[in-house]
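Here is a short briefing to read with the model open beside you. Take it topic by topic, and look up each spot as you go.

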Amino acid sequence: MIFRTLLFTLSSFIAFGAENSAYPNAFIDEIPGDSPLVISAPHGGREKPADIPNRTYGVTDADANTQELARTVGEHFFKSTGHRPHLIICLLHRSKLDANRDIKEAAQRNAIAEKAWHDYHAAITRALAAAVARHGFAFLIDLHGQNHKGLRVELGYLHSSTKLAQPDPLLDAPAFAATGSLQFMAKNATVSYSALLKGPTSLGALLENGGFHSTPSPRLPVPDEPYFRGGYTVDRHIRGTPEVTGLQIEANRTRLRDTAANRERFAIVLVPSLLTFVRTHLKKDLGGR
Ligand SMILES: [Zn+2]
């Protein structure tokens, strides 16, 4: 962090173009892994360099402690499997860059923020390509935090609550699965798509079994509003990309991401839930063997 601050201070004395090329990825923590799991965390950054003006529209509040949550999940994944997920963490505070928006809203015409946005998404593309090359598939989690009522983990598969409220035969139409982030998994699964989203072997069910209220799940198959369905990153990097699947995870704050002990408690439930979910429905080992 000190090194990065020094680089940035130094860079402010030299030409902008030179700074851009001299310090690639200055605001992205890209940690390559060796498993099919890729975790991105766009809203947990804290750096507020003066050279980047504050964004003037859109959401500017950070998702507190989500970079720590991503790192904790990574450590627990390694303890459980002996393999590491790829981690891509945006270090800029959301008031400077919102990496989970299109570049216009994300960087609001600031060239340093625009470069960080390109670096961030290039790092995700690299990690997914490395995972697919090595394992034949990749599973992306875009990790966020929300403060909606009811303390629940919101699982975003790119389907709105209105769409999720449709009768199961409509959810099970192949054209509907094609609009979501589990399309690749759905092609391999032996259960219906509606069961994949909210049935007894869904990720929501597995997390609930571990003590974390989640939606969609058998208990709450249709999320009440407000609910985050998944955003720019999941849409860009998963939907329509063969051999890549995954979702947006929006973690509640209280009793989940507020303390190191609670982040560890969630990681201990999330990791085996993911391993089981992928083994059951994709017939593949997320552990990377
Ligand atoms: Zn977020």
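Which residue takes a positive phi just after α5? That residue is Gly-136, with a phi of about 85°. Please keep in mind that this is a predicted model.

**The chain as a whole**
- The protein chain holds 14 helices and seven strands.
- Its radius of gyration is 19 Å, and a compact globule of 289 residues would have a value near 19 Å, so the chain agrees with that expectation.
- Along the principal axes, the C-alpha atoms fill a box of roughly 60 × 40 × 40 Å.
- Buried residues make up 47% of the 289 in the protein chain.
- If you take contacts between residues at least 6 apart in sequence, 71% of them join residues at least 24 apart.

**Helices α5 and α14**
- Helix α5 covers residues 111-135, and its 25 residues should span 36 Å at 1.5 Å a residue; the end C-alpha atoms are 36 Å apart, so the two values agree.
- Helix α14 runs over residues 260-281 and has 22 residues.
- From first C-alpha to last, α14 reaches 31 Å, close to the 32 Å expected at 1.5 Å a residue.
- Several residues of α14 are buried, including Phe-266, Leu-274, Phe-277, Val-278 and His-281.
- α14 is followed by Lys-283, which has a positive phi near 60°.

**Where α3 meets α14**
- Helix α3 (residues 66-81) packs against α14 at an angle of about 50°, and the two axes are 9 Å apart.
- That angle makes α3 oblique to α14.
- The crossing of α3 past α14 is right-handed.
- On the α3 side, the contact is made by Glu-68, Leu-69, Thr-72, Val-73, His-76, Phe-77 and Ser-80.
- On the α14 side, the contact residues include Arg-263, Ala-267, Leu-270 and Val-271, and these four are also buried.

**The loop between α12 and β7**
- Ile-238 sits in the loop between α12 (232-237) and β7 (244-252).
- Ile-238 counts as buried because 26 C-beta neighbours lie inside 10 Å, and the cut-off is 20 or more.
- Leaving aside residues up to four places away in sequence, Ile-238 touches Leu-140, Ser-181, Val-244, Thr-245 and Gly-246.
- Glu-105 is 133 residues from Ile-238 in sequence, and their C-alpha atoms are 21 Å apart in space.
- Glu-243 is in the loop between α12 and β7 as well, and its phi is positive, near 70°.
- With 13 C-beta neighbours inside 10 Å, Glu-243 counts as partly exposed.

**Backbone details to look up**
- Most residues other than glycine have a negative phi, and most peptide bonds are trans.
- Gln-108 has a positive phi, near 50°, and is a residue other than glycine.
- You will find Gln-108 in the loop between α4 (103-107) and α5, where Gln-108 is buried, with 20 other C-beta atoms within 10 Å.
- The peptide bond from Thr-215 to Pro-216 is cis, with omega near -5°.
- Another cis peptide bond joins Glu-225 to Pro-226, with omega about 0°.
- Pro-216 lies in the loop between β6 (214-215) and α12, and Pro-226 is found in the loop between β6 and α12 too.

Notes:
Residues are numbered from 1 along each chain as its sequence is written. This is a predicted model: local features need pLDDT of at least 70, side-chain atom pairs count only at pLDDT 80 or more; totals for chains, interfaces and linings use all residues. Helices (H or I, at least four residues) and strands (E, at least two) are DSSP runs, numbered from the N terminus. The expected span of a helix is 1.5 Å times one less than its number of residues. A residue is buried if 20 or more other C-beta atoms lie within 10 Å of its own, exposed if 12 or fewer, and partly exposed in between; C-beta atoms are placed from the backbone. The radius of gyration is taken over C-alpha atoms; the globule rule is 2.2 Å times the number of residues to the power 0.38. Two residues are in contact if their C-beta atoms, placed from the backbone, lie within 7 Å. Axes are lines fitted to C-alpha atoms, for helices over the stretch in contact, and angles run from 0 to 180 degrees between N-to-C directions. Angles under 35 degrees count as roughly parallel, over 145 as roughly antiparallel, 65 to 115 as roughly perpendicular and the rest as oblique. A crossing is left-handed if the near helix is turned anticlockwise from the far one by less than a right angle, and right-handed if clockwise.
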